[in-house]
Amino acid sequence: MYKVLLVDDDFPVRVLLKQMINWEEAGLEIVGEAIDGEEALEKINELNPDIAIVDIGMPIKNGVDLIKELKEQNSRCKVIVLSCHDDFQYVKEALKFGAKEYILKNLVTEERLLVVLNQMKVEIDKEKVEIQESQQLKRWANRGMWELKQEYLQQILRGIIINKNKIEQLIDELSINISRYSNVLLLVEIDNYEDVINKIADRHNKKLFNFSVRNVLEEVLLGIAEGEVVDLGGKHIAIIVSFENEKSELVIIEKLNTLSHKIRDSINRYFDVNISTVITEKTNKLLDLFNLYEKALITILIKFYNGGNKIYWTSDSKTITNNSQSINVKNLEKLIRKYVKESNMLKLEELIDGILAQAKTKRISPNKVIKFWLKIHIILEKICENYDIEMKQLTDGSLTKKIQKSETIFELKEIIMVVVKDIAHYFKSETKETTISHEIVKEIINYVSCNYMKDITLSMVAERVNMNMAYISHLFKQEVGESFVDFLKTTRIKKAKYLLEHTDETVNSIANKVGFTDRKYFSKIFKKVEGVNPTEYKKRIV
């Protein structure tokens, strides 16, 4: 609907115009009336009409003066002039100042009025399209400029552009907000980037994630220092911070500290994601930006040993090198087999911790450590094959993928310890069944296996086998190696693990099925036995 304002000091003329056509049917709406140019100007600014039908000869401010003011204001309102024969000089002047069409009052007809109004509608539509196209071109130009800036900044950091004059030329032409003489590089790495992206189902939203992270970094940077944010693709984003006008090293360090902490806090708050950051030394040469980037990439590898969600400085960090050193563990397979079969989790954990400590001391690259972990994976797979133990994660490739994408030694340890614990539990339960000789204890174990989901107590079991409770408690622990209560808990947790691995039932439902009436208590016992709560255990399987 196009909005129309009627401007005429003659009331009968306004009434005639309103009654002459069906305005609504023509796609038009009369939004107001005015009796002189002064009132019309106020109404135009207030109501923002698309079209104004204006009488030339009015008191206070005539039509020509109104049209002049509208032109000065760059108003988009289209003016149709109403005039008498003796007003033609005024009409010519009105057309000169921007009126679009004129109608003689004594010759106005329904047909003539509709023709003129439809012409205005066509002009308005055409103008709207032109404005939209112009705005789109501006957006494209700005977008094109931004992409061009990003492309050249990436090339500078990656050492593709190595000509100082060329870099200075680009700084001027693209208004790149970095210093010619004093810059620091911050390298931001999104922790567990692959997992973060995999949680985002839609491809468009995956692109939007990086875009949103970059926007947050730009906003934080804007409030602290001059510089540019460079999207390097994937998990890395660089920030070139300019300190051209800052001479105090203490102030620079303080600003970098503030910036890095605010970035980390903001990304965590907005996206529930952790980041690791490397802060480089200051360089006085543009060409050194490439060297800073290379050094930051090497420094970020320290995260593998020290953990994510931290801030590292290249000036005080020991770098990891691709040296010829390797992890050496004598009789590795023999030790793993021995400790697993003995269900000796303490020794197994000591072995794993020793391997990782050796790797950290020797500053061995993450790739070499991950390869060594895959070797342990093969050993565990062999053990399972030898004893017909079904371990889905060892055979379906999921464990291999977890190892390969691990970003820290803490993740590697957790991954392998979960599997080792499962295999050790198998040997522990097998040992119990084959070494228990007392028939009463065998009967109790069988009873627990069939009734673990019920409210079983040692008192009930003693009554069932018609023996003293204290004696049964002592006998059971002597034969099995753990108390009756602990054995019952372990049995229930084993059954719960099976249901978590092979069904889609809720944690509440599984807790009830294995004999726990309190979900919180179930989660507490499960975590005590497995190291993680039931929900986390289920996520790992998935």
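Reader: Where does Asn62 lie?
Author: Asn62 sits in the loop between S3 and H3. Those labels follow DSSP runs numbered from the N terminus: helices are H or I with at least four residues, strands are E with at least two. One caution: this is a predicted model, where local features need pLDDT of at least 70, side-chain atom pairs count only at pLDDT 80 or more, and totals for chains, interfaces and linings use all residues. Residues are numbered from 1 along each chain as its sequence is written, and side-chain values use heavy atoms, with hydrogens and water left out.

Reader: Is Asn62 buried or exposed?
Author: Asn62 counts as buried, at 19% relative accessibility. Buried means under 20% relative accessible area, exposed means over 50%, and partly exposed is in between (1.4 Å probe, protein chains only).

Reader: What lies 3.1 Å from a polar atom of the Asn62 side chain?
Author: The backbone nitrogen of Val64.

Reader: Which residue forms a salt bridge with Lys61?
Author: Glu38, with the closest N and O atoms 3.7 Å apart. The pair links distant parts of the chain, 23 residues apart: Lys61 is in the loop between strand S3 (51-55) and helix H3 (63-72), and Glu38 is in helix H2 (residues 37-47). Lys61 is buried at 11% relative accessibility, while Glu38 is partly exposed at 36%.

Reader: Why would such side chains pair up?
Author: Opposite charges can pair when the charged atoms come close. The cut-off here is a side-chain nitrogen of Lys or Arg within 4 Å of a carboxyl oxygen of Asp or Glu.

Reader: How many salt bridges does that rule give?
Author: The count comes to 25.

Reader: What about Asp195 and Lys405?
Author: Their side chains meet in a salt bridge, at 2.6 Å from N to O. Asp195 is in helix H7 (residues 193-198) and Lys405 is in the loop between helix H16 (398-404) and helix H17 (409-435), so the bridge ties together parts 210 residues apart in sequence. Asp195 is partly exposed at 29%. Lys405 is partly exposed too, at 32%.

Reader: Which residue pairs with Glu333?
Author: Arg337, with the closest N and O atoms 3.3 Å apart. Both are in helix H12 (residues 332-341), and being 4 residues apart they are separated by about one helical turn. Glu333 has 28% relative accessibility, so it counts as partly exposed. Arg337 has 21%, which also makes it partly exposed.

Reader: Which residues do shared partners join into one network?
Author: Glu189, Asp191, Lys303 and Glu407.

Reader: New topic. How many disulfides are there?
Author: The structure holds 0 (the test is a pair of cysteine sulfur atoms within 2.5 Å).

Reader: Is Cys77 buried or exposed? And Cys384, buried or exposed?
Author: Cys77 is buried at 10% relative accessibility. Cys384 is buried at 6%.

Reader: Now zoom out. How many helices and strands does the protein chain have?
Author: It has 24 helices and 10 strands. The radius of gyration is 40 Å, well over the 24 Å from the globule rule for 542 residues, so the chain is more spread out than a compact globule. That radius is taken over C-alpha atoms, and the rule is 2.2 Å times the number of residues to the power 0.38.

Reader: What box do the C-alpha atoms fill?
Author: Roughly 125 × 65 × 40 Å, along the principal axes.

Reader: What share of the residues is buried?
Author: Buried residues make up 45% of the 542.

Methods:
Polar contact = N/O pair within 3.5 Å; in protein donor to acceptor, adjacent residues only side chain to side chain.
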